[in-house]
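Subject: Handover of a structure for your review

Dear colleague,

Please find the structure below, followed by an account of what was found in it.

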Amino acid sequence: ESKEEEPKETKEDSTKKTEAKKEANNDNNETKESKEKTAKTQTKEETISLKKYNELNDLYKDSETNLKNARTKFDELRKAYVTSQQDMDRIRKRSETEIANSKEFAITKFAKDILDVYDNFERALDSIKTLNNNTDSTTDNDENQNSEESNGENTQNQELKIYKDFAEGVVMTKDSLNRILNFHGVKEYNPQGEKFDPNKHEAVCQVEAFNKEAPGSVASVMQTGFMIGSRVLRPAKVAVVKK
């Protein structure tokens with residue numbers, strides 16, 4: 001049997017194969033270079049992204065710190081403001097109280113001095129009342145006297161009228177003085193029957209109960225007291241029921 005002879009490779013075919021191998025190698029090299037370039041590009045982009053992330057993260061942390069510091073400063077300022085407002089309120093209230101007290105107690109010395117005048121009016125009126133009672137009794141007795149004494153009775157009646165007019169004038173003057181004292185915040189108080197208060201009353205003596213008064217209460221008032229605003233200007237002089 002005769003063997004078929006293989007075709008001989010021509011020079012041209014050999015050249016084509018060589019060129020084909022070169023092209024394949026070139027393609028492989030280009031692919032490899034492209035992959036390497038792509039990998040380098042991705043690495044570079046990742047590096048840049050990581051750097052930007054770190055920068056943004058640092059900026060965020062700085063912002064958080066600044067915000068925290070700002071809040072702390074704000075809280076400090078707010079507390080300082082509230083404290084200053086409270087201090088201002090206390091100062092304002094204290095000033096208002098001092099102004100009110102200065103107005104209220106400005107006439108304290110004058111009021112104390114004028115109370116002596118008030119007491120003298122009281123004594124004068126008490127004397128007038130006693131004298132009026134005696135005069136009325138004398139007038140009743142005079143009605144039983146004979147006609148020879150009628151002229152003296154008329155004269156006495158005239159004197160009595162003058163005296164009563166004088167007494168009315170004293171009463172009006174006392175009432176006017178009382179209105180002035182009240183206008184300036186000075187008020188009289190009579191603690192009859194009240195429980196003894198050493199801050200407002202001056203115990204002159206102790207007495208037995210007259211009408212079943214409670215022990216330690218005021219049995220009688222010898223001299224009324226006076227207040228100026230909420231302050232005792234003069235304590236009332238009283239007799240206290242024995243305990």
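**Overall composition**

The protein chain has 3 helices and 6 strands; here helices (H or I, at least four residues) and strands (E, at least two) are DSSP runs, numbered from the N terminus. Along the sequence, these elements follow the pattern α-α-α-β-β-β-β-β-β.

This is a predicted model, in which local features need pLDDT of at least 70 and side-chain atom pairs count only at pLDDT 80 or more, while totals for chains, interfaces and linings use all residues. Residues are numbered from 1 along each chain as its sequence is written, and side-chain values use heavy atoms, with hydrogens and water left out.

The average pLDDT (the predictor's confidence in each residue, from 0 to 100) of the protein chain is 77, and 72% of the residues score at least 70. Among its elements, α2 has the lowest mean pLDDT, 69, whereas strand β6 (residues 236–241) has the highest, 94. Where pLDDT is low, the predicted coordinates should not be read in detail.

Of the 243 residues in the protein chain, 17% are buried; buried means under 20% relative accessible area, exposed over 50%, and partly exposed in between, with a 1.4 Å probe and protein chains only. The accessible surface comes to about 19600 Å², and carbon and sulfur atoms account for 51% of this; such areas come from the Shrake-Rupley method with a 1.4 Å probe, and for residues only the protein chains shown count as cover. Among contacts (heavy atoms within 4.5 Å) between residues at least 6 apart in sequence, 71% join residues at least 24 apart.

Strand β4 (residues 225–228) pairs with β5 in the antiparallel sense over 3 bridges. Phenylalanine 226 stands opposite arginine 234 in β5, and isoleucine 228 has arginine 231 of β5 as its bridge partner. The hairpin of β4 and β5 has 2 residues between the strands, and glycine 229 takes a positive phi near 70° there.

Another open sheet of 3 strands has the order β2-β6-β3, with mixed pairing. Its edge strands, β2 (201–207) and β3 (218–223), each pair on one side only. The twist in this sheet averages 30° from one strand to the next. β3 and β6 run antiparallel and are joined by 4 bridges, with valine 218 opposite valine 240 in β6.

**Nonpolar cores**

A nonpolar core is a set of buried Ala, Val, Leu, Ile, Met, Phe, Trp, Tyr and Cys residues joined through side-chain atoms within 4.5 Å. The largest has 17 residues, of which Ile128, Leu177, Leu181, Val186, Phe226 and Leu233 touch the most other members. Two or more residues each are given to this core by α2 (108–142), α3 (150–183) and β4. The largest share, 7 residues, comes from α2. A second, separate core of 6 residues includes Tyr189, Val218, Met227 and Val240.

Not counting residues up to four places away in sequence, valine 186 touches Ile107, Ala111, Leu181, Phe226, Met227, Ile228 and Leu233.

**Aspartate 119**

Aspartate 119 lies in helix α2 and counts as buried because its relative accessibility is 9%. With residues up to four places away in sequence left out, aspartate 119 touches Gln223 and Arg234. Aspartate 119 and threonine 224 are 105 residues apart in sequence, yet 9.3 Å apart in space, C-alpha to C-alpha.

Yours sincerely

Technical notes. Pairing = 2+ DSSP bridges. Axes fitted to C-alpha atoms, helices over the stretch in contact; angles between N-to-C directions.
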